[in-house]
Amino acid sequence: MAATSSSRLFFLALSLLACFPFCSCHCSVSNKNAEGGMMKGMFVFGSSLVDNGNNNFLPNSLARADYFPYGIDFPLGPSGRFTNGRNVIDLLGGHLKLPSLIPAFADPKTRGSKIVHGVNFASGASGILDDTGSLAGHVINMNQQIRNFEEITLPELETQLGCRSPQSLPNYLFVVGTGGNDYSFNYFLRSSNQNVSLEVFTANLTASLSRQLKKLHSLGARKFVVMSVNPLGCSPVVRMNRPTHNGCVQNMNWAAHLFNSHLKSLVDVIRAEMPGSALVFVNSYKIIRDIIKNPISKGFNDSSTTCCEVASISEGGNGILCKRGGEVCANRSSHVYFDGLHPTEAVNVQIATKAYVSSLKTEVYPTNIARMTKSKI
């Protein structure tokens with residue numbers, strides 16, 4: 001009888017040890033951290049505005065920023081960030097007091113303990129739609145980014161933290177910055193879209209993004225930041241060969257404005273469909289547009305030209321990316337645009353700061369990131 005009891009205790013002990021890594025009492029993160037505003041890290045999805053270098057590892061991608069003068073003001077030099085220094089993700093990480101930069105998913109070194117403070121899945125030239133970005137060669141579309149998170153990173157994160165995703169993921173911020181390329185490199189370029197109205201395209205695009213956010217929620221994500229599309233018609237590459245009104249191409253800006261209106265409305269609608277979630281809409285469109293309208297008052301001198309030397313289409317370039325080893329302006333903090341499409345670090349600082357602490361609902365809706373991370377959900 002005693003032997004039988006001992007055997008039962010032995011097998012009970014084994015079963016407890018087997019489940020040990022996933023027992024809630026031993027999880028290395030606590031939901032109390034999330035309720036107190038202490039984020040464990042960030043998971044990032046989107047395009048070049050938030051890409052930390054994934055495209056460096058895609059051999060057939062034309063959308064790369066792993067060469068000088070990109071990163072001229074970044075401590076690690078050219079890293080794949082499409083700007084002169086830090087991007088919005090780096091700066092948000094600073095506000096959240098994260099201990100390290102968020103690593104790129106495609107980097108083979110982004111494994112093991114390096115993923116515990118988050119992973120960046122974003123890919124330059126990608127979009128919400130699967131076929132956006134095909135003109136730039138190999139990019140990672142939004143659906144594939146989410147699959148990479150679900151199938152590769154999430155199981156490894158559970159092992160590293162010792163708990164299941166419903167316990168750990170409320171402690172992470174999920175940042176999504178995508179949509180602009182679906183207009184610039186898809187809707188306005190493809191002849192197949194000629195019979196599709198902008199309103200219908202935008203409604204379908206927003207519906208696709210809604211499904212993607214719900215997928216992340218189903219995996220355990222609870223705190224979201226969704227970035228607006230920037231004023232597409234104000235970027236140097238667009239203004240180069242098109243008639244402008246007040247310095248910007250109106251139909252491109254209208255497309256961005258329409259998407260952003262849908263996205264802001266989605267924040268209200270989708271919250272009811274994603275129990276326990278909190279979302280912040282960051283209106284980077286307005287933040288950049290305000291700078292362009294009154295650059296001097298915002299600390300900028302140049303809101304229309306590129307800081308780096310860009311090869312035009314007639315010169316064999318694409319009008320967007322900096323020339324390899326090309327010239328670069330000395331006063332980078334006074335420029336709005338570093339290349340033909342992407343803002344300078346100085347603009348990124350303003351976007352990240354306002355995203356984190358602004359009290360204006362025209363800039364952040366329904367609240368800012370600092371308040372959202374401290375809220376109970």
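User: Which residues of helix H10 are buried?

Analyst: The model is a predicted one. In H10, the buried residues are Ser284, Tyr285, Ile287, Ile288, Arg289, Ile291 and Ile292.

User: What makes H10 largely enclosed by the rest of the structure?

Analyst: A residue counts as buried when its relative accessible area is under 20%. Seven of the 10 residues of H10 (residues 284–293) are buried, and therefore the helix is described as largely enclosed. Its buried residues pack against H9, E5, strand E6 (302–306), strand E7 (335–337) and H11.

User: Why is Lys286 called partly exposed?

Analyst: Lys286 is located in helix H10. Partly exposed is the class between under 20% (buried) and over 50% (exposed). The relative accessible area of Lys286 is 24%, so this residue is partly exposed. Apart from residues up to four places away in sequence, Lys286 touches Thr362 and Glu363. Lys286 and Glu363 are 77 residues apart in sequence, and their C-alpha atoms are 6.7 Å apart in space.

User: Why is Leu62 placed in the exposed class?

Analyst: The cut-off for exposed is over 50% relative accessible area. Leu62 has 60% relative accessibility and therefore counts as exposed. This residue lies in the loop between E1 and H3.

User: Which residues is Leu62 in contact with, leaving aside its neighbours within four places in sequence?

Analyst: Leu62 is in contact with Leu135, Ala136 and Leu321, once those neighbours are left aside. For Leu62 and Ala136, the separation is 74 residues in sequence and 5.0 Å in space, C-alpha to C-alpha.

User: What makes H10 oblique to H11?

Analyst: H10 and H11 pack at an angle of about 135°, and their axes are 10 Å apart. That angle makes H10 oblique to H11, because roughly perpendicular covers 65 to 115 degrees and roughly antiparallel begins over 145. The crossing of H10 and H11 is right-handed. Ser284, Ile287, Ile288 and Ile291 of H10 make the contact with Val347, Gln350, Ile351 and Lys354 of H11. These contact residues divide into five nonpolar, two polar and one charged.

User: Why is H3 also described as oblique to H11?

Analyst: The axes of helix H3 (residues 88–95) and helix H11 (residues 345–357) come within 9 Å and cross at roughly 45°. H3 is therefore oblique to H11, because angles under 35 degrees count as roughly parallel and those of 65 to 115 as roughly perpendicular. The crossing of H3 and H11 is right-handed. On the H3 side the contact is made by Val88, Leu91, Leu92 and His95, while H11 provides residues including Glu345, Asn348, Val349 and Ile351. Eight residues of this contact are nonpolar, three are polar and one is charged.

User: How do you know that H3 is mostly covered?

Analyst: Six of the eight residues of H3 are buried. They are Val88, Ile89, Asp90, Leu91, Leu92 and Gly93. The elements that cover them include E1, strand E2 (118–120), E3, E4, H11 and helix H12 (369–374).

User: Why are H6 and H7 called oblique to each other?

Analyst: The packing angle of H6 and H7 is about 135°, with their axes 11 Å apart. The two helices are therefore oblique to each other, because roughly perpendicular ends at 115 degrees and roughly antiparallel means over 145. The crossing of H6 and H7 is right-handed. Asp182, Tyr183 and Tyr187 in H6 meet Leu198, Phe201, Thr202 and Leu205 in H7. Five of the residues in this contact are nonpolar, one is polar and one is charged.

User: Which residues touch the most other members of the largest nonpolar core?

Analyst: This core has 49 residues, of which Phe43, Phe45, Phe149, Phe174, Tyr183 and Leu213 touch the most other members. Elements that give two or more residues to the core include strand E1 (41–46), helix H6 (180–187), helix H7 (198–218) and helix H9 (250–273). H9 gives the most, with nine residues. A second, separate core of 37 residues includes Val280, Val336, Tyr356 and Val364.

Definitions and conventions. Residues are numbered from 1 along each chain as its sequence is written. This is a predicted model: local features need pLDDT of at least 70, side-chain atom pairs count only at pLDDT 80 or more; totals for chains, interfaces and linings use all residues. Side-chain values use heavy atoms; hydrogens and water are left out. Axes are lines fitted to C-alpha atoms, for helices over the stretch in contact, and angles run from 0 to 180 degrees between N-to-C directions. Helices (H or I, at least four residues) and strands (E, at least two) are DSSP runs, numbered from the N terminus. A crossing is left-handed if the near helix is turned anticlockwise from the far one by less than a right angle, and right-handed if clockwise. Contact means heavy atoms within 4.5 Å. Ala, Val, Leu, Ile, Met, Phe, Trp, Tyr, Cys and Pro count as nonpolar, Asp, Glu, Lys and Arg as charged, and the others, Gly among them, as polar. A nonpolar core is a set of buried Ala, Val, Leu, Ile, Met, Phe, Trp, Tyr and Cys residues joined through side-chain atoms within 4.5 Å. Buried means under 20% relative accessible area, exposed over 50%, partly exposed in between (1.4 Å probe, protein chains only).
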